[in-house]
Amino acid sequence: MSDRRNEKHKRSMQKQKEQVDKSVEAASIERGVMIVLTGNGKGKSSSAFGMVMRALGYGHKVGIVQFIKGEMASGEETYIKTQCPEVYLYQMGTGFTWNTQDREADIAAAQATWEKAQALLRDPSYDLVILDELTYMIGYKYLDEDQVLDQLRNRPQEQSVVVTGRGGGSRLQELADTVTELQEVKHAFKAGIKAREGVDF
Ligand code: ATP
Ligand code: MG
């Protein structure tokens, strides 16, 4: 019985391996990719920072621009500022729109922040660019969608870019090579558990 089961398992694994090998062989294009991490589930920004760590492991040059963020410190911010001086980090520095409630000021801040992002998207020395929470700037029309998409499209060929945030529109997703929608199955916050240092920020 268990021999038959082992044999069946082996055959199934062989088949899987053949399929994976075929896909690996078919993927022959070498260029940077654009990744969009969206959806309501937790894990968009933390996944982007996971890729920062991954890239740094190879000595790649990384630039991070955070839209929205800036009022509350986070572990990743502290770590990068103190341990990774080679990483470029710029934060918009205003809170979220329901905190500031000042549309004009938000637009000015978004545009100034976009200037920083554009500089990275024009610089081929950056291997990985993270545009954290950029989607909201498009959603609120703080930034011109066409201009943002053009700049993302025309970035250096070897440069990868990660955009995080809910929404952002279908055109952003069409332009991206990889789009992951994180789905909320559960979130501790909904059960009354406070956001935790080192986990949530
Ligand atoms: P993270 O930074 O943890 O990867 P995220 O980038 O996916 O989260 P944001 O909306 O940017 O999502 O999250 C900002 C904060 O809100 C984080 O502290 C995160 O843990 C928390 N959060 C994320 N998703 C949810 C959710 N579905 N319900 C409640 N809180 C959430
Ligand atoms: Mg986030």
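**Ligand site, metal site and sheet**

Of the 14 residues around ligand 1, those that come nearest are Lys42, Lys44, Ser46, Glu184 and Asp200; a residue is near a molecule or strand if one of its heavy atoms lies within 4 Å of it. The model is predicted, so local features need pLDDT of at least 70 and side-chain atom pairs count only at pLDDT 80 or more, while totals for chains, interfaces and linings use all residues. Residues are numbered from 1 along each chain as its sequence is written, chains are lettered from A and ligands numbered from 1 in the order in which they are written, and side-chain values use heavy atoms, with hydrogens and water left out.

An oxygen atom of ligand 1 lies 2.5 Å from a polar side-chain atom of lysine 42. A polar backbone atom of glycine 41 is 3.4 Å from an oxygen atom of the ligand. At histidine 187, an N or O atom of the side chain is 3.4 Å from a nitrogen atom of ligand 1.

Ligand 2 is a magnesium ion, coordinated at 2.1 Å by Ser45 (OG) and Glu133 (OE). Serine 45 belongs to helix 2 (residues 44–56) and glutamate 133 to the loop between strand 4 (128–132) and helix 6 (134–139), so the pair ties together parts that are 88 residues apart in sequence. Donors are N, O and S atoms within 2.8 Å of the metal (3.2 Å for Na, K and Ca); water is not among the atoms, so sites may look incomplete. Helices (H or I, at least four residues) and strands (E, at least two) are DSSP runs, numbered from the N terminus. Serine 45 counts as buried, with 14% relative accessibility, and glutamate 133 is buried too, at 12%. Buried means under 20% relative accessible area, exposed over 50%, partly exposed in between (1.4 Å probe, protein chains only).

The 6 strands form an open sheet with parallel pairing, in the order 3-2-4-5-1-6. Strand 3 (88–91) and strand 6 (178–181) are at the edges with a single partner strand each, so one side of each is left without a neighbour in the sheet. Two strands pair if DSSP finds at least two bridges between them; strand 2 (residues 62–66) is joined to strand 3 by 4 bridges. In strand 3, tyrosine 88 stands opposite glycine 63.

Methods
A polar contact is a pair of N or O atoms within 3.5 Å; within protein, one must be able to donate a hydrogen and the other to accept it, and residues adjacent in sequence count only if both atoms are side-chain atoms.
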